[in-house]
Amino acid sequence: MATWSNFNLQNSASPLMEQIIFFHDHTLIILIMITILVGYLMINLFFNKYINRFLLEGQMIELIWTIIPTITLIFIALPSLRLLYLLDELNNPLITLKSIGHQWYWSYEYSDFNNIEFDSYMINYEKSNMNNFRLLDVDNRIILPMNNQIRIMVTATDVIHSWTIPSLGVKIDANPGRLNQTNLFINRPGIFFGQCSEICGANHSFMPIMIESISIKNFINWINNYS
């Protein structure tokens, strides 16, 4: 969960988010190197007194400043493509969760377990005696087992929403008439928060997502008690 004065990415709770953070750091180092080099050259140009009235061409320097950016882009593109394929990889999921976006709440279906269904609304912060996280807590949490592959099916009934959990590295659009699919692998217990990240109307800010990650044993007990 994001906290005050936290300018970095949230701590990852899934292998995919770890890979996204690694790629972010990798790309940022390359950008810092480019910025330092270009800044140094520009400052040098402002303050040196070099003059060459007869310079018409420089094929070698043009070759260098064409090849070096190409190599730099390859260093960024290859990890990016690898990560894109990893994000789409779904291998033998244990359970499937269907998430449906509405104006302005989410509803969920566990179709593997006797079709468990419930709606998830944001809790009013003031009416709950201010014991919850403002704009993030919901009345019905998503309960998921940790250390298991989970398939998420996302759609909407009215307008475009976006199901986003930053600490799990998940952001997928919920489009009316279309079923999108992504995957989760939560590697630690805890509570993870997200929000709709597609402007979907007047109450766009008030449809949070809340996932509680528990052990597989506790998850089975929850399923049995719910049924």
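I began with the lining of the second largest pocket, whose residues divide into 7 nonpolar, 4 polar and 2 charged. For these classes, Ala, Val, Leu, Ile, Met, Phe, Trp, Tyr, Cys and Pro are nonpolar, Asp, Glu, Lys and Arg are charged, and the others, Gly among them, are polar.

I noted the ground rules next. The model is predicted, with local features needing pLDDT of at least 70 and side-chain atom pairs pLDDT 80 or more, while totals for chains, interfaces and linings use all residues. Residues are numbered from 1 along each chain as its sequence is written, and side-chain values use heavy atoms, without hydrogens and water.

**Second largest pocket**

I looked up its volume, about 300 Å³. A pocket here is an open set of points on a 1 Å grid over the protein atoms alone, where a 1.4 Å probe fits and protein lies on both sides within 12 Å along at least five of seven lines; lining residues have an atom within 4 Å of a point. The volume is the space filled by probe spheres set on the points, which are joined across faces, edges and corners. Of the 13 lining residues, Q10, L136, P166, G194 and Q195 are the closest to the centre. β7 (170–174) and β9 (190–196) each supply at least two. β9 gives the most, with 3 residues. Strands are DSSP runs of E, at least two residues, and helices are runs of H or I, at least four, numbered from the N terminus.

**Largest pocket**

I then turned to the largest pocket, about 700 Å³ in volume. Its lining has 17 residues, with L37, V38, L41, W65 and I68 nearest the centre. α1 (15–47) and α2 (59–88) are the elements giving two or more residues to this lining. I found 14 nonpolar, 3 polar and no charged residues there.

**Record check**

I checked UniProt, where an unreviewed entry places "transmembrane region" at residues 20–43 and 63–87. Such annotations may be inferred rather than shown by experiment. Residues 20–43 are 100% helix, with end C-alpha atoms 34 Å apart. Residues 63–87 are also 100% helix, and their end C-alpha atoms lie 37 Å apart.

**Aromatic pairs**

I found 8 aromatic pairs (Phe, Tyr or Trp rings, the six-membered one for Trp, with centres within 6.5 Å). F133 and F193 have ring centres 5.2 Å apart and planes at 75°, so I logged the pair as edge-to-face (over 60 degrees; stacked is under 30, tilted the rest). F133 sits in the loop between β3 (116–120) and β4 (142–145), and F193 is in β9, 60 residues apart.
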